[in-house]
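Below are my notes on the model you sent. They go point by point, starting with a cut-off that is needed for one residue.

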Amino acid sequence: SRGRSRQAQAPLAMSGGAGELECMATVNPTQEQVDDFAASAPDDAPIVMLNLLRFRERAEYQDGLAAGNLSGKQAYGRYSRAVIPLVWEVGGQPLWMGKGRATLIAPVGESWDEVLLVWYPSRRAFVRMVSSEAYQAIMHHRTAALADSRLVETQAVALPRWIFKIARGLMRAKARLLPRIRGEVVCQITPFGGKTLSLRERKPQ
């Protein structure tokens, strides 16, 4: 039988201008949240899950048996090594990972150690993974590792065509203006049976 996901929460007091903003540290969703997320799936379109992670200084395992002397980051490494095959199994793929450096727009005191982007072929695939017994068996590493986290589903949207037209126009203008600024001569040649090539030669001083 499936184990129920636990949600580790602790209040964080953050000063915010006129008063203090209190928000909850969240690590795992409840089973009810997972069920609601699955039931509200709009379609089978691909998604990218945005993960914001803040690690504990020291990993905190419930039973205390698997902790050893691990940092939160090391415990999350255990989770990562175990979860990647499960991501692949449902057709997903990690896309990008970055280290948090500085926060420009956020509540005072909020910061993240790592940011992850993971692609899934659908919300259904993601829910199937996190609901599996194999995932339930490894999520204790994630719980032990994290002091706080966010998990946000995103979906690609088509950019307006005018954005691409402007971008192409800027690239053409750059290609024409930079040689003049640098004092270069642009010569175009068309080899027999080939396409036009642009050769740049610096003007003599």
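1. A residue counts as buried when its relative accessible area is under 20%, and as exposed when that value is over 50%, with partly exposed in between. Val48 has a relative accessible area of 17%, so this residue is buried. Its place is in strand β3. In space, Val48 lies 9.4 Å from Gln93, C-alpha to C-alpha, although 45 residues separate the two in sequence.

2. The model is a predicted one. Its chain has 205 residues, of which 30% count as buried. There are 6 helices and 8 strands. Read from the N terminus, the order of elements is β-β-α-β-α-β-β-α-α-α-β-α-β-β.

3. Helix α2 covers residues 72–89, which is 18 residues. Does the span of this helix agree or disagree with its length in residues? At 1.5 Å a residue, α2 should span 26 Å, and the C-alpha atoms at its ends are 26 Å apart, so the two agree. The helix does have a kink of about 30 degrees, placed at Val83, shortly before the proline Pro85. Just after α2, Gly91 takes a positive phi of about 90 degrees.

4. The buried residues of α2 are Gly72, Ala75, Tyr76, Gly77, Tyr79, Val83, Leu86 and Val87. An α-helix has 3.6 residues a turn, so residues three or four places apart point the same way.

5. Which residues have the most contacts inside the largest nonpolar core? They are Tyr76, Val83, Tyr120, Phe126, Met129, Tyr135 and Leu146, in a core of 30 residues. At least two core residues come from each of β3 (47–55), α2, β5 (114–120), α3 (123–130) and α5 (139–145). Helix α2 gives the most, with 6 residues.

6. The largest pocket holds about 840 Å³ of space. It is lined by 41 residues, and the closest to its centre are Asn51, Tyr79, Phe126, Arg142 and Leu151. By class, the lining has 26 nonpolar, 10 polar and 5 charged residues. The largest share of the lining, 8 residues, comes from α2.

7. Is Leu151 buried or partly exposed? At 41% relative accessibility, this residue counts as partly exposed. Leu151 and Pro29 are 122 residues apart in sequence, yet their C-alpha atoms are 9.4 Å apart in space.

8. Ala144 is found in helix α5. This residue is buried, its relative accessible area being 0%. Between Ala144 and Tyr79 there are 9.7 Å in space, C-alpha to C-alpha, and the pair is 65 residues apart in sequence.

Notes:
Residues numbered from 1 in each chain as written. Predicted model: local features only at pLDDT ≥ 70, side-chain atom pairs only at ≥ 80, totals over all residues. Heavy atoms only, no water. Helix = DSSP H or I, 4+ residues; strand = E, 2+ residues; numbered from the N terminus. Expected span 1.5 Å × (residues − 1). Bend = angle between axes of the 7 residues up to and from the residue. Buried < 20%, exposed > 50% of the residue type's maximum accessible area, 1.4 Å probe, protein only. 1 Å grid on protein atoms, 1.4 Å probe; cavity = no way out; pocket = protein on both sides within 12 Å on 5 of 7 lines; lining within 4 Å. Points joined across faces, edges and corners; volume = space filled by probe spheres on them. Nonpolar A, V, L, I, M, F, W, Y, C, P; charged D, E, K, R; others polar. Core = buried A, V, L, I, M, F, W, Y, C linked by side-chain atoms within 4.5 Å.
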